[in-house]
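Welcome! Here is a short briefing to read alongside the structure.

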Amino acid sequence: MVEVYFYMSVQKADIAAECGMKLSEWYSREMELGGERKKCISALLNPRDDYERYMSHDYRCLKLEVQPKYCFAADSLLFEPGLAHPEVMEMYKRSIVPIEKYTFGDYRLPECLITGTIIGENICVLGRGLDTPVLYNNSLELYFNNILEGFREEHDDFNDSLLYHFFKRLHLEGKVNCVEDSASGLAVFQDSRINRTYTLKIPDMGRY
């Protein structure tokens, strides 16, 4: 079974845990899946991916256990702009994959599209502490970590390059001072506000 998460108002959460979630009532979109147009409930892969509701006392988090054949992962951030831009909607459609083929961290804000009704015995209302272990903090953090680690493995000076361009932007905004020495290949940035100096290698962008 696949474990995913869905936020529901406090008033409805206990009812859903007892009676289940009918697809016809809780679906939020219809998509072409496997050559057939299907109604889909959009759920989260991590409960902290909707931090506003995670912190709210007006919502409860439901843990749903669903058979994999009814679950598809998708890049949810493409859906809203896709409603106005057909080319983005095509990107969203291409992002949809069976849940077992999704690699965690591939999408900035992944969703699980559920194509079936969930019975009450497969729904659990979680407490404020979530009552269940979560392997990573949230999808956004995992998304960025995967990107950064990939570049670090490919380029041994990636940390220098990343911070160099960040501090150069701060320098252009007048927030830090900068001295570059081409002979040593070093750049020194000084943040007088906190009296701290940062020494970085000047990146060779020709390597990228």
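Predicted model: local features only at pLDDT ≥ 70, side-chain atom pairs only at ≥ 80, totals over all residues.

Residues are numbered from 1 along each chain as its sequence is written, and side-chain values use heavy atoms, with hydrogens and water left out.

**Cysteines**

- Searching the whole structure turns up zero disulfides, a disulfide being a pair of cysteine sulfur atoms within 2.5 Å.
- Cysteine 61 is in no disulfide, and its nearest cysteine sulfur, that of cysteine 124, lies 9.3 Å away.
- Cysteine 61 counts as buried because its relative accessible area is 5%; buried means under 20% relative accessible area, exposed over 50%, and partly exposed in between (1.4 Å probe, protein chains only).
- Cysteine 112 is also in no disulfide, with the nearest cysteine sulfur, that of cysteine 71, at 3.8 Å.
- Cysteine 112 has 0% relative accessibility, so cysteine 112 is buried.

**Strands**

- Strand β1 spans residues 2-9, and six of its eight residues are buried; helices (H or I, at least four residues) and strands (E, at least two) are DSSP runs, numbered from the N terminus.
- β1 pairs with strand β4 (residues 59-66) in the antiparallel sense over eight bridges, where pairing requires that DSSP finds at least two bridges between two strands.
- Tyrosine 5 has lysine 63 in β4 as its bridge partner.

**A helix residue**

- Glutamate 90 sits in helix α5, which covers residues 86-95.
- Glutamate 90 is partly exposed because its relative accessibility is 38%.
- Between the C-alpha atoms of glutamate 90 and leucine 78, twelve residues apart along the chain, the separation is 9.1 Å.
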